[in-house]
Amino acid sequence: MSATALDSDDLKAPEDLAAWLATATVAPEIGALRPDYRALLIAADGLRPGPSDETSERLLAEAENEARARFADTPHGEHPHLVAWHEAFRAAGAKPKRTRPSADALLRRLATGLPRVNRLTDIYNAISIAHVVPLGGEDLDHYRGAPRLERATGEETFDTTAGGASVVESPDPGEVVWRDGLGVTCRRWNWRQCRRTQLTDTTARALFVLDALGPMDTPALERAGDALVDALRTASPDLRATTRLIPAPPAD
């Protein structure tokens, strides 16, 4: 759908977060590809934005230390959840060594330490590596329409950077993408986020997406979501959050 095809109400940032989450969809073709897939969506407002600080540093440093201990003797790439994600990427036409699931990409940086981006991004990265779950955040005030996970036609737009310059790309046909009414917000399930909806030092409302496959059962996924809400509340005492679990629908 193009921006011009959106109703004026769709162009507004959502106010009723629970009602907005109820409109999120996972397409049947995702169920055909991975029937074990589940998305846990958390919409939040009352966030306290800003650069990395003592609270986000503590949460991320603790998660890094725990992950280093956890994977001291076993490579993180052998973790069952990451193995399943590599299989899913290959099944969707991606080469996992070139386009890694986000949790894998983060854990590969443990030796030198994860980047400190801003307080909200640092917090969700901490939960991602602690629970070995792909997790991303989107700025709701730059989001348009409902979140949708589907396979791309190849005609969608994706705004990113290349060589330090802003560019607009298109996903490959059949690629699994999260999108809204304006374009693709994240390519290859959880590989790369667009610039438009990335969390910044001024983000006060956000959508967080936790992606799970079979080795991570639903209770474990929900525990990761609870940990994220708890961490966000530690950093933002006025947090208001609503959650929705969406299983992959049966294939048509």
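A: Let us begin with a term: a residue counts as buried when its relative accessible area is under 20%. Please keep in mind that this is a predicted model.

Q: Is Phe208 buried or exposed, then?
A: Phe208 has a relative accessible area of 0%, so it is buried.

Q: Now the rings. How many aromatic pairs are found in the whole structure?
A: The search finds 6 aromatic pairs. One of them joins Tyr37 and Trp189, which are tilted at 40° between the planes and lie 5.8 Å apart, centre to centre.

Q: Where do those two sit in the chain?
A: Tyr37 is in the loop between helix H2 and strand S2, and Trp189 is in the loop between strands S8 and S9. They are 152 residues apart, so the pair links distant parts of the chain. Tyr37 is buried at 0% relative accessible area, and Trp189 is buried at 2%.

Q: And which ring does Phe208 pair with?
A: Phe208 pairs with Tyr124, edge-to-face, with 6.1 Å between centres and 70° between the planes. Tyr124 belongs to helix H6 and Phe208 to strand S10, 84 residues apart.

Q: Which residues make up the ring cluster?
A: Ring pairs link Tyr37, Trp85, Phe89 and Trp189 into a cluster.

Q: What lines the cavity?
A: Its lining consists of Phe89, Ala92, Ala94, Val176, Arg188 and Trp189. By class, 5 of these residues are nonpolar and 1 is charged.

Note on methods. Residues are numbered from 1 along each chain as its sequence is written. This is a predicted model: local features need pLDDT of at least 70, side-chain atom pairs count only at pLDDT 80 or more; totals for chains, interfaces and linings use all residues. Side-chain values use heavy atoms; hydrogens and water are left out. On a 1 Å grid over the protein atoms alone, a cavity is a set of points where a 1.4 Å probe fits but cannot get out, and a pocket is an open set with protein on both sides within 12 Å along at least five of seven lines; lining residues have an atom within 4 Å of a point. Ala, Val, Leu, Ile, Met, Phe, Trp, Tyr, Cys and Pro count as nonpolar, Asp, Glu, Lys and Arg as charged, and the others, Gly among them, as polar. Rings of Phe, Tyr and Trp (its six-membered ring) pair if their centres lie within 6.5 Å; planes under 30 degrees apart count as stacked, over 60 as edge-to-face and the rest as tilted. Helices (H or I, at least four residues) and strands (E, at least two) are DSSP runs, numbered from the N terminus. Buried means under 20% relative accessible area, exposed over 50%, partly exposed in between (1.4 Å probe, protein chains only).
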